[in-house]
Amino acid sequence: MGLFSKDIKTMEDLFVHGLQDVYYAEKKITRSLPAMIDKATDAELKRGLQTHLKETENQVKRLERVFEMQGKTAQGYKCPAIDGIIREAEDVMGEVEDQDVLNTAIVAAAQAVEHYEITRYGALIAWAGELGHKQSAKVLGETLKEEKATDAKLTAIAERKLNPRADGRTVAGRARKRAGASKKRSSSRRGRKTSARSAARRSAARPARKTQRKKTAGRRRA
Ligand code: FE
Ligand code: FE
Ligand code: FE
């Protein structure tokens, strides 16, 4: 950005700036997806993210073609939005202990990325159409289709499998939750001997927790 003059003067400039923004974002995503793939423990989710990593690598090339169509050299422009979305994903992934819950967190983080891309490509395609860059609009449209399909696939796998499992509503999920709970119980039993005051605090907290549980169960049945 210029210090004394503004660099974006026309809609054409804005279009190129948008291309640079999403080019930066796509490249950042190709570097960040491997960590998500690595952390995902569900094979189907892992495969889905791997497929999208390959698509993303191709999307980078597609953008390079669009730059070329505009007579510009492909160049990224720092996108603070994607940097933030990725940083938040890394933070959350680092905080989740349970593997099943982690898979659902990864889906949500990946969807935040897809939604950002969908808004950007949506605007770029509209601008390309307005500016008469038909071929660019068509090429960008191929990418938008992939982003939307990825988002839909993530919703499907979360709702069909990952969310119920993380919530302990599947056989595998329940078994894992039980194993985790008994581990926690035995370690808290050991801890209980150490502090009478914390035991009193725990029993005071117990009725409130039961009410909460009942409420949740009621809601779920409805
Ligand atoms: Fe993409
Ligand atoms: Fe951006
Ligand atoms: Fe994507």
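Donors are N, O and S atoms within 2.8 Å of the metal (3.2 Å for Na, K and Ca), and sites may look incomplete because water is not among the atoms. The model is predicted, with pLDDT of at least 70 needed for local features and 80 or more for side-chain atom pairs, while totals for chains, interfaces and linings use all residues. Residues are numbered from 1 along each chain as written, ligands are numbered from 1 and chains lettered from A in the order written, and side-chain values use heavy atoms without hydrogens or water.

**View 1. Protein donors of the iron ion (ligand 2).** Asp21 (OD), Asp21 (OD), Cys79 (SG) and Tyr116 (OH) lie 1.8 to 2.7 Å from the ion. Angles among the four donor atoms run from 54 to 129° and the site is irregular; four donors would count as tetrahedral with all angles between 85 and 135 degrees, and four as square planar or six as octahedral with opposite donors over 155 degrees apart and all others between 65 and 115. Along the chain the donor spacing is D-x57-C-x36-Y.

**View 2. Burial of Asp21 and Cys79.** Asp21 has 8% relative accessibility and so counts as buried (under 20% relative accessible area; exposed is over 50%, partly exposed in between; 1.4 Å probe, protein chains only). Cys79 is buried at 0%.

**View 3. Glu117 between two iron ions.** Glu117 coordinates both the iron ion (ligand 3) and the iron ion (ligand 1), which are 3.1 Å apart. Glu117 and Glu147 are both buried.
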